[in-house]
Amino acid sequence: MDQKTFLISLLAWICIFLFLWCPSDPVGAGDGYMLSSMSEASDGKSLTAQLQLINNNSLYGPDIQRLQLNVRYESNDQLRVYITDIEKQRWEVPRDILPRYNGVYTDSTDTDKDEEDSKDHLHELLFTYSNNPFGFAITRRSSGETLFNSTAMYNNGDLFGNMVFKDQYLEISTALPFSASLYGLGESTRPGFRLNRNESYTLWNLDIGSVNLYVDLYGSHPFYMDVREGGVAHGVLLLNSNGMDVQYGGSYLTYRAIGGVLDFYFFSGPSPLAVVQQFTQLIGRPAPMPYWSFGFHQCRYGYENISVVESVVDGYAAAKIPLETIWTDIDYMDDFKDFTLDPVNFPEMEMQKFVERIHANGQKYVLIIDPGICLNETYKTFQRGIQADIFVKRGGVPYLAQVWPGPVYFPDFLNPNTQSFWTKEISEFHETIAFDGLWLDMNEVSNFCSGITCSLPKEGDCPRKDAQTDCCLVCSNANTTRWDDPPYKINASGTHRPLGNSTMAASAVHYNNILEYNAHNLYGLSEAIMTNTALKSVLKKRPFILTRSTFIGSGAHAAHWTGDNAATWDDLWYSIPTMLSFGLFGVPMVGADICGFSKDTTEELCNRWIQLGSFYPFARDHSEKGSKHQELYLWKSVTMSARKALGLRYRLLPYIYTLAFEAHNEGSPIARPLFFTFPEDPNTLGISTQFLLGKGVLVSPVLKQGARTVDAYFPKGTWYNLYNVSESITVESGTYVSLLAPLDTINVHVYEGTILPMQEMGMTTREARRSPFSLVVALGGRKEAYGDLYVDNGEDLEMVIEHGKSSYIEFYADIVEGGVRLRSEVQMGEYAIGEGWLLENITVLATTTAVRSHYAHSYMKLEAISDKMIVDVSASFSMKRIKTDFRPEMDRYNSLDVVLAISNLSLSIGKNIELVIPWEK
């Protein structure tokens with residue numbers, strides 16, 4: 001045998017060995033399907049086809065012989081490709097859990113167009129296919145670029161196979177250009193926002209701490225955004241709740257799901273922001289959040305009693321650090337049972353007095369609920385659950401698991417009867433303690449035991465007091481089914497561990513015989529839906545719910561935090577990519593545990609984390625029992641940082657709340673990657689250490705220990721320091737700039753063309769909302785600027801523009817001869833007028849050679865057009881040239897930088913305003 005023959009034989013034996021010993025290796029899983037018939041609707045908006053299997057292949061089980069293909073334009077910018085078994089109904093995400101297409105085509109065009117012309121002229125996405133083997137491609141009409149192509153091929157030297165469709169194994173791939181930038185496919189912790197090539201992303205919800213990189217965490221989001229050359233973007237959703245691996249090979253992306261259907265939605269964009277707006281139009285717009293939820297929150301696992309909680313609230317007040325909401329973890333419960341109070345450490349009377357006190361001060365209280373209901377015959381919630389028959393089952397009896405209270409059953413939130421049970425429990429507990437929001441933890445679900453079936457021990461305590469998280473049940477895998485041990489092993493927890501490990505057995509059964517195997521990833525979403533419904537019924541106001549486990553559509557019902565991180569500098573950085581990812585997923589109200597959950601934080605780390613965390617949409621300090629306390633007032637330097645950073649956050653609350661209004665009505669994220677505003681700048685595609693709030697507020701945190709400067713990227717234009725607007729940076733093209741960042745400072749800049757509505761800082765949002773408004777008009781080198789403002793009472797169920805309940809104001813500024821014109825256009829101004837909200841201060845930031853720098857101070861009368869009447873407005877007026885200290889060789893000067901500061905105004909924001917502000921006397 002020559003050397004070449006020997007090497008070929010050796011390679012063949014290696015391949016056989018890998019095939020036999022690696023049952024999850026997908027190579028050779030099928031030869032695909034061929035098109036057998038097709039029909040197209042006369043309006044050109046849909047087609048139906050049948051696919052026939054080419055050859056049988058037994059790897060991962062028998063193939064499904066015939067498939068149905070449905071393709072439909074569901075709107076001008078959304079295309080659906082749906083593939084399923086033609087003979088047998090398969091599992092798919094229930095429409096009552098995720099409502100979607102209702103049979104009405106969204107068409108905003110002229111209906112008088114003739115039928116032939118209207119077939120496809122609107123559709124930016126085009127569907128094409130190959131016959132044998134079957135594959136399909138999605139292309140962009142305007143450019144001809146291929147966005148998705150499932151036809152088996154070599155692409156840039158990589159091979160991917162044909163579509164495979166078995167009962168417990170579905171595989172489909174798409175070719176990708178190496179130049180594509182992909183984002184999404186969560187939830188996992190990663191050291192960057194853009195997906196890494198040659199990585200595999202597993203989607204199977206598990207209670208795994210977010211300190212772990214590249215493993216499946218608490219949520220599953222099979223959605224990605226693809227940004228191509230020039231910032232042109234599209235989105236791809238595979239609406240499938242089954243466990244799956246998604247392999248990104250750089251030149252291809254392959255889905256391997258263990259059940260369900262292939263239900264693809266393609267979103268044309270073409271801007272990144274438009275993709276998210278189109279995506280959330282399908283899955284549900286983000287839930288409206290109460291105004292108070294944008295304040296600062298404090299929590300800890302390990303507040304031993306109510307006295308400790310009271311001392312924390314007092315500590316924040318004494319330190320003059322804003323505190324909106326105090327939280328309690330499971331410490332408040334009686335032996336960790338939901339809807340109970342510890343009679344010794346959190347007695348009912350003392351808790352009621354405490355909540356009354358903080359409510360009188362404008363503060364709120366949120367508490368935790370875990371889904372497991374303790375097996376205790378004297379426990380009223382358990383009794384009612386058994387009577388209502390609302391628990392998940394296996395073998396016809398409730399499925400037994402273990403979490404904090406010991407042996408538990410899990411409510412079945414897919415059972416419609418659970419709604420009345422859950423609402424009653426929440427209602428009765430709210431009568432005991434008037435909480436303002438609920439925190440849903442452990443809802444992947446988490447289970448301290450692993451086993452297909454478990455039973456109670458015959459003797460001994462369960463759980464043992466000295467080993468609360470050790471499994472005390474008697475568990476067995478004797479009754480394993482094909483659902484518990486499927487032929488293809490997804491890479492759960494990064495170790496291909498069994499599906500039921502530390503969660504429910506995959507063979508457990510929900511209402512209407514729905515398998516946990518199929519619905520596992522929906523548990524947290526279904527709990528959030530019922531909790532949202534319950535709180536609306538109980539509170540009669542806008543609910544606030546924080547959930548750990550999520551799926552597509554969770555943002556329509558709840559906020560999210562990034563789970564159990566650690567007090568490390570890496571975790572500080574990782575929080576930014578995760579936050580940005582959830583903005584893509586339609587969950588804009590998101591944040592990480594400030595200062596870190598596990599391990600002992602440090603003074604410097606907590607300084608930097610409260611600076612960054614002050615600009616998370618959801619800002620909460622939370623830490624683990626046993627770690628050192630990390631309330632912000634415990635260090636003098638952290639106190640100063642918190643006052644400064646949270647002070648700016650509270651001043652920006654009108655802007656942030658308006659972003660929340662935009663998120664709810666349009667789906668736009670609150671925190672955004674830089675390329676959302678600057679898609680044409682390719683350098684922004686890889687930035688994961690900075691982010692934007694809305695379109696124009698840039699946050700550039702320090703993420704490295706010991707650093708007193710930060711290298712921040714500034715896209716083209718003029719940027720103003722929001723802590724000192726007399727400092728600006730102007731770059732002719734995107735540039736990294738080294739910024740001073742003392743221990744008490746985070747750099748926050750506003751971009752030219754932006755008008756920021758602001759109010760004064762307060763210790764609570766109630767206090768801040770009572771203060772007058774100011775505007776920062778950042779014209780920079782532009783001739784125009786824009787901003788908007790939404791105001792309501794912050795707690796109505798609906799967050800819409802409605803007569804007497806809310807007002808919406810748009811601000812416009814432009815440079816006119818001799819000065820700057822500022823005007824507003826108001827919708828439904830009666831509410832703002834009734835609240836007495838006034839605009840008192842305007843700061844205009846501009847760069848123009850028309851300014852005369854020697855006019856340092858002057859006083860003048862401004863003419864204001866208010867409610868169509870000309871009135872005199874007394875105002876002090878000052879103008880000065882900005883002095884900058886950046887290196888002149890960087891060419892950061894446009895011309896003359898000026899600040900026009902107008903104060904002592906008294907203009908109702910509920911009335912149309914027009915001011916002309918001259919550059920000089």
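This is a predicted model: local features need pLDDT of at least 70, side-chain atom pairs count only at pLDDT 80 or more; totals for chains, interfaces and linings use all residues.

1. As background to what comes next, most peptide bonds are trans, and most residues other than glycine have a negative phi.

2. The peptide bond that runs from Gly 186 to Glu 187 is cis, its omega being near 15°. Glu 187 belongs to the loop that joins strand S12, spanning 181-186, to strand S13, spanning 199-203.

3. A cis peptide bond is also found from Cys 462 to Pro 463, where omega is near 5°. As for its setting, Pro 463 sits in the loop between strand S28 (453-455) and strand S29 (474-476).

4. Turning to phi, His 496 is not a glycine, and yet its phi is positive, at about 55°. His 496 is placed in the loop between S29 and strand S30, the latter covering 509-510. Is His 496 buried, partly exposed or exposed? With a relative accessibility of 40%, His 496 counts as partly exposed, because that class lies between the limits of 20% and 50%.

5. Asn 513, which is not a glycine either, has a positive phi of about 65°, and this residue lies in the loop between S30 and strand S31 (514-515). The relative accessible area of Asn 513 is 68%, and Asn 513 is therefore classed as exposed, given that the class begins over 50%.

Terms used:
Residues are numbered from 1 along each chain as its sequence is written. Side-chain values use heavy atoms; hydrogens and water are left out. Helices (H or I, at least four residues) and strands (E, at least two) are DSSP runs, numbered from the N terminus. Buried means under 20% relative accessible area, exposed over 50%, partly exposed in between (1.4 Å probe, protein chains only).
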